[in-house]
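Here is a short report on one protein chain.

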Amino acid sequence: MAAADLQGKYQKLAQEYSKLRAQNQVLKKGVVDEQANSAALKEQLKMKDQSLRKLQQEMDSLTFRNLQLAKRVELLQDELDLSELRGKKNKKSGESSSQLSQEQKSVFDEDLQKKIEENERLHIQFFEADEQHKHMEAQLRSRLETLETEAAQHQAVIDGLTRKYMETIEKLQNDKAKLEVKSQTLEKEAKDCRLRTEECQLQLSSLHEDLSSRLEESLSIINEKVPFNDTRFSQYNALNVPLHNRRHQLKMRDIAGQALAFIQDLVTALLNFHTYTEQRVQIFPVDSAIDTISPLNQKFSQYLHENASYVRPLEEGMLRLFESITEDTVTVLETTVQLKTFSEHLTCYVSFLRKILPYQLKSLEEECESSVCTSALRARNLELYSDVKKMTAVFEKLQTYIALLALPSTKPDGLLRANYNSILTHIAIVLQEFHDVMKDISKHYSQKATIEHELPTATQKLITTNDCILSSIVALTNGAGKIASFFNNNVDYFIASLSYGPKAAGGFISPLSAECMLQYKQKAVAYMRSLKKPCLESVPYEEALANRRILLSSTESREGLAQQVQQSLEKIAKLEQEKEHWMLEAQLAKIKLEKENQRMADKVKSASGSHLALSENPVLLNAIAVQDQEESADKTWQEPVQSTSLVGMLVVTSDSEVPDVESREDLIKNHYMARIVELTSQLQLADSKSVHFHAECRALSKRLSLAEKSKESLNEEMKLASQNISRLQDELTTTKRSYEDQLSMMSDHLCSMNETLSKQREEIDTLKMSSKSNSKKNKSR
């Protein structure tokens with residue numbers, strides 16, 4: 001992919017370079033054309049300058065000619081003046097001379113007139129040529145300036161383009177070099193990739209074979225061991241624990257907290273509304289302090305007094321619902337069991353509203369029938385009459401939809417999952433209707449309160465109560481608006497969160513499955529917490545590698561351990577049987593001992609003996625023990641007496657007084673118990689030694705098998721190494737022979753080349769000799 005991208009980038013740069021090169025050629029051609037035009041204009045300017053100089057010369061010559069003619073005219077005028085003076089003096093000088101002078105004067109006048117006209121015409125031509133020349137010069141100068149500016153601009157553009165082209169060329173050359181280097185590296189990488197692909201293909205084939213064998217084995221195990229796939233059936237899949245979505249739980253808890261705050265505000269407003277309505281019923285239209293109110297209002301006031309028992313549970317139910325949503329639970333409709341409690345409390349409140357609705361309507365009718373009620377007040381009461389009905393209807397709708405939402409957690413068959421979305425949207429609509437109804441009630445009641453305040457019979461208590469009711473209605477309106485906007489903002493999230501449940505399933509089937517799933521989730525959480533306990537320090541890697549062979553050889557197989565466990569269980573069973581047997585024996589011995597003690601006590605009571613006879617021990621009837629005791633009593637100092645038997649060695653410390661029965665029994669009992677403990681410890685030691693020896697034998701046999709396997713593998717490696725050595729020796733001999741053959745061929749070739757060189761030298765020498773002889777002959781000639 002990288003090579004293809006680099007190739008595409010290089011092609012794009014080449015195309016841009018070709019476009020820029022073509023544009024450069026066009027601009028060069030344009031600059032050359034402009035330079036040619038400027039050169040032609042310069043030549044035209046030179047020609048115009050030359051023609052201007054000619055005209056200037058002609059003008060100068062004409063001015064000089066005019067000056068000459070003017071001087072001549074002056075001379076002629078002087079001569080004419082002289083001639084007139086002479087004519088005056090010489091009037092008589094003859095008419096012939098006057099006629100002659102008159103003719104000359106007329107000729108001169110004509111000539112002068114012609115010269116003046118010609119001079120005037122030349123002046124006009126000169127002025128026109130001068131103006132034309134100036135105009136032409138101005139045009140040419142402006143055109144020259146524009147051409148120079150254009151030429152400078154073109155030159156700057158050309159210089160910029162040349163610099164740009166040089167930079168692009170250098171950049172392209174650098175890119176080309178980089179691309180060549182990259183192409184080389186990519187070629188190397190491609191070669192490596194080919195080798196890797198070949199290796200991967202080999203590994204893939206081996207893995208495919210391995211995985212196919214494992215798949216067959218797994219399928220056989222699944223077919224033999226797994227009775228069914230729980231994800232295939234929705235009833236069983238509902239018991240699987242879904243993935244823990246902590247963000248979803250935190251979001252749901254946040255939403256529940258906001259809803260709890262809104263419900264608390266709504267509950268406070270409802271309590272205030274019902275309480276202040278009760279106060280109003282007590283003071284209007286008849287004040288209970290002055291006169292008795294109607295039985296209807298008394299009953300209505302009694303019912304309104306019970307509002308807290310119906311309104312407070314709404315807050316408690318919502319609080320329980322909020323507390324049931326935690327980070328560790330799974331919050332969906334099937335698991336929110338506390339929603340049913342909230343629905344029940346809302347049902348109780350709706351029943352309370354239904355109960356007080358007829359009394360409230362009758363109370364409004366009674367107000368309309370009172371004498372103080374005006375037509376405007378009656379109209380407001382009728383509006384409130386319809387608004388109260390609407391509010392009760394809205395609460396009934398809301399209770400119906402919330403009861404439907406609570407069905408999945410109690411009766412899953414009562415509501416289809418496909419209807420969840422429509423129920424949530426209808427709840428949003430009902431909450432908006434509740435807000436609209438409360439706005440109408442607030443509007444109409446405020447109008448009613450203003451009308452009542454204007455009545456002459458309005459008391460300060462009524463005004464205060466109306467203000468309190470109006471403030472509670474405003475609080476209800478604000479709370480309803482907040483709840484409606486809150487639910488509208490989160491209804492999409494509620495609809496999207498309905499799919500949160502077991503994987504590859506439409507959701508939980510029943511509340512029982514959801515409860516079982518939560519129990520499994522708690523067990524899984526406990527298991528994960530147990531896994532989070534800090535692990536013990538492991539063996540270092542080098543030490544583990546060093547002890548790997550010992551560990552492999554010392555590990556026991558499952559069968560051996562199972563045999564040892566079976567043997568241990570059998571031994572434990574035998575020991576239990578022996579324990580029960582010995583316990584029975586001990587009970588029998590205890591019974592016998594009690595009987596013997598009873599018998600001896602009877603003998604002691606019947607017989608009248610001395611204190612020595614009473615102090616004798618009836619338990620030790622063994623003759624050997626009695627003799628030993630009598631012999632030890634005769635001694636003046638105490639010494640230990642050892643009694644040996646098959647059950648062990650009994651050490652007794654002799655005393656001047658014979659021990660009593662209980663001390664002897666305790667001594668014998670302790671001796672037997674110590675002996676039993678000693679024998680059991682010896683037996684356990686022998687068993688442990690035998691197990692240890694058995695394990696060592698198994699480990700040695702495993703070591704031996706491993707050593708034999710390693711020996712076989714080393715033998716095979718040695719065979720392969722010997723084969724490789726022989727093959728390398730054969731290759732070495734063949735390469736030596738080939739090198740020797742090549743050396744012999746090269747030596748033969750060198751010999752032949754030496755011979756040819758010697759022949760060529762001889763020929764050169766002969767040619768030199770012949771040339772010398774020819775030169776001598778030529779010299780002699």
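## Confidence

This is a predicted model. The protein chain has an average pLDDT of 77, and 76% of the residues reach at least 70. Residues 610-659 fall below 50, yet this stretch still has 46 contacts in the model beyond near neighbours in sequence. Where pLDDT is low, predicted coordinates should not be read in detail.

## Aromatic pairs

The count of aromatic pairs is seven. One of them joins F262 and F486: the ring centres are 5.4 Å apart and the planes meet at 65°. That angle is over 60 degrees, so the pair is edge-to-face. The pair links distant parts of the chain. F486 is buried, at 9% relative accessible area.

F487 and F494 make a tilted pair, with 5.4 Å between centres and 50° between planes. Both F487 and F494 are buried. Elsewhere, ring pairs connect Y310, Y349, F352, F395 and F434 into a cluster.

## Charges over rings

K251 has its charged end over the ring of Y493, 5.6 Å from the ring centre. R253 does likewise with F322, at 4.3 Å from the centre.

V430 lies in helix α9 (residues 420-453). Its relative accessible area is 3%, so V430 counts as buried. Beyond four places in sequence, V430 contacts V394, K397, L398 and Y401. The C-alpha atoms of V430 and F395 are 8.5 Å apart, across 35 residues of sequence.

Q399 is part of helix α8 (residues 375-405). Q399 is also buried, with a relative accessible area of 11%. Its side chain makes a polar contact of 2.7 Å with the side chain of T347. Leaving out residues up to four places away, Q399 touches L346, T347 and V350.

## Cysteines

How many disulfides does the model have? The count is zero. C200 is in none: the nearest cysteine sulfur belongs to C193, 9.3 Å away. C368 is in no disulfide either, with the sulfur of C373 nearest at 4.8 Å. The cut-off is 2.5 Å between sulfur atoms.

C200 has 43% relative accessibility, so C200 is partly exposed. C368 has a relative accessible area of 13%, so C368 is buried.

Terms used. Residues numbered from 1 in each chain as written. Predicted model: local features only at pLDDT ≥ 70, side-chain atom pairs only at ≥ 80, totals over all residues. Heavy atoms only, no water. Helix = DSSP H or I, 4+ residues; strand = E, 2+ residues; numbered from the N terminus. Buried < 20%, exposed > 50% of the residue type's maximum accessible area, 1.4 Å probe, protein only. Contact = heavy atoms within 4.5 Å. Polar contact = N/O pair within 3.5 Å; in protein donor to acceptor, adjacent residues only side chain to side chain. pLDDT = per-residue confidence, 0-100. Phe/Tyr/Trp six-rings, centres within 6.5 Å; stacked < 30°, edge-to-face > 60°. Lys NZ or Arg CZ within 6 Å of the ring centre and 35° of its normal.
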